[in-house]
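Welcome! Try each task before reading its solution.

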Amino acid sequence: MDDRHVLVTGAASGLGLGIVEGLLQCGASVTMLDVDADQLARSAATVDPAGGTVTTRVCDVSRADEVHAVVTAAAAERPLDAVFANAGIAGGPGVNTPEGRVYDLDWAAFDAALAVNLVGTLATVRAAASAMRPVGRGSIVVTVSTAGLRADSMVGYGYSASKGALANLVRQAAVDLAPDGIRVNGIAPGPFHTNIGGRGPIDPAVEQAWADTVLLGRMAVRQELQGMALLLASDASSFMTGTVYPVDGGALAGAF
Ligand SMILES: NC(=O)c1ccc[n+]([C@@H]2O[C@H](COP(=O)([O-])OP(=O)(O)OC[C@H]3O[C@@H](n4cnc5c(N)ncnc54)[C@H](O)[C@@H]3O)[C@@H](O)[C@H]2O)c1
């Protein structure tokens, strides 16, 4: 990834931060984008730029105009080789809890999940494609979820619906952008230790419930997404577009 410039949304925490760390280790320069200015500054201070550079930009991806301006500005500084549309939120309790069931649907939480996970991702894809089109090449990687590829009782309606939509958005954008030399793929993580369920230690019962959903019997750490992220961002995936790749400890293969 030497001399490559990659932008990552939701870069201040969790999977986005892990992607940033993996890219930097392989020589890339990275623009870290996040809505949480304080956490973004703290996280950027912890990463080792290695041979590249680290730039931070504060932005709410659900505001399409804002993300367009920020991505355009980042690309003007240095052309973007890859963009990770990764920012996302949980958006309410799972349907395995009384308050997460459809009877008591929290419309505000549903709307929030769609605004960030779906609209925010489409806005990021649009901004990335607009920046890459003049160069005629680029890779866009969307963080989907195993919850977008099948039902999942541990998540709520907003998360399930938005991630399901993202799986098809990846295919649609791949069709649209292939003539412009831009590849679009998705990653479908299984359960990873991040801050999406809130900061602080995870409830052991919740951790066990997630672990029970995967064949490998445990949750993953953010470094375990780096291999797929690097593959899809780099020329090693030059013949890959339009597919969502699970990194899920076998969750989609197993029954639970
Ligand atoms: N953790 C998991 O097990 C898991 C599994 C599958 C998919 N995912 C997906 O991975 C992605 C990253 O989540 P994570 O688990 O690392 O969570 P996280 O909460 O640790 O990190 C998400 C980051 O996104 C940022 N963010 C939230 N809303 C934003 C907005 N409107 N604009 C810009 N930034 C925003 C947050 O500030 C945070 O830094 C999400 O799309 C999530 O749905 C996570």
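Helices (H or I, at least four residues) and strands (E, at least two) are DSSP runs, numbered from the N terminus. This is a predicted model, where local features need pLDDT of at least 70, side-chain atom pairs count only at pLDDT 80 or more, and totals for chains, interfaces and linings use all residues. Residues are numbered from 1 along each chain as its sequence is written, and side-chain values use heavy atoms, with hydrogens and water left out.

**Exercise 1.** Find which helix holds Thr124, then decide whether Thr124 is buried or exposed.

*Solution.* Start with the location: Thr124 belongs to helix α4. Next, check its relative accessible area, which is 1%. Buried means under 20% and exposed over 50%, with partly exposed in between (1.4 Å probe, protein chains only), so Thr124 is buried.

**Exercise 2.** Work out what Thr124 touches.

*Solution.* First set aside residues up to four places away in sequence; Thr124 then touches Thr9, Val61, Val67, Val83 and Ala85. Contact here means heavy atoms within 4.5 Å. Then follow the side chain of Thr124, which reaches the backbone oxygen of Gly120 at 2.7 Å.

**Exercise 3.** Explain why helix α7 is described as largely enclosed.

*Solution.* Look at residues 226-233: six of the eight are buried, so α7 is largely enclosed by the rest of the structure. The buried ones are Gln226, Met228, Ala229, Leu230, Leu232 and Ala233. Finally, look for the cover, which includes α1 (14-25), β4 (82-85), β5 (138-143), β6 (182-189) and β7 (244-247).

Methods. Polar contact = N/O pair within 3.5 Å; in protein donor to acceptor, adjacent residues only side chain to side chain.
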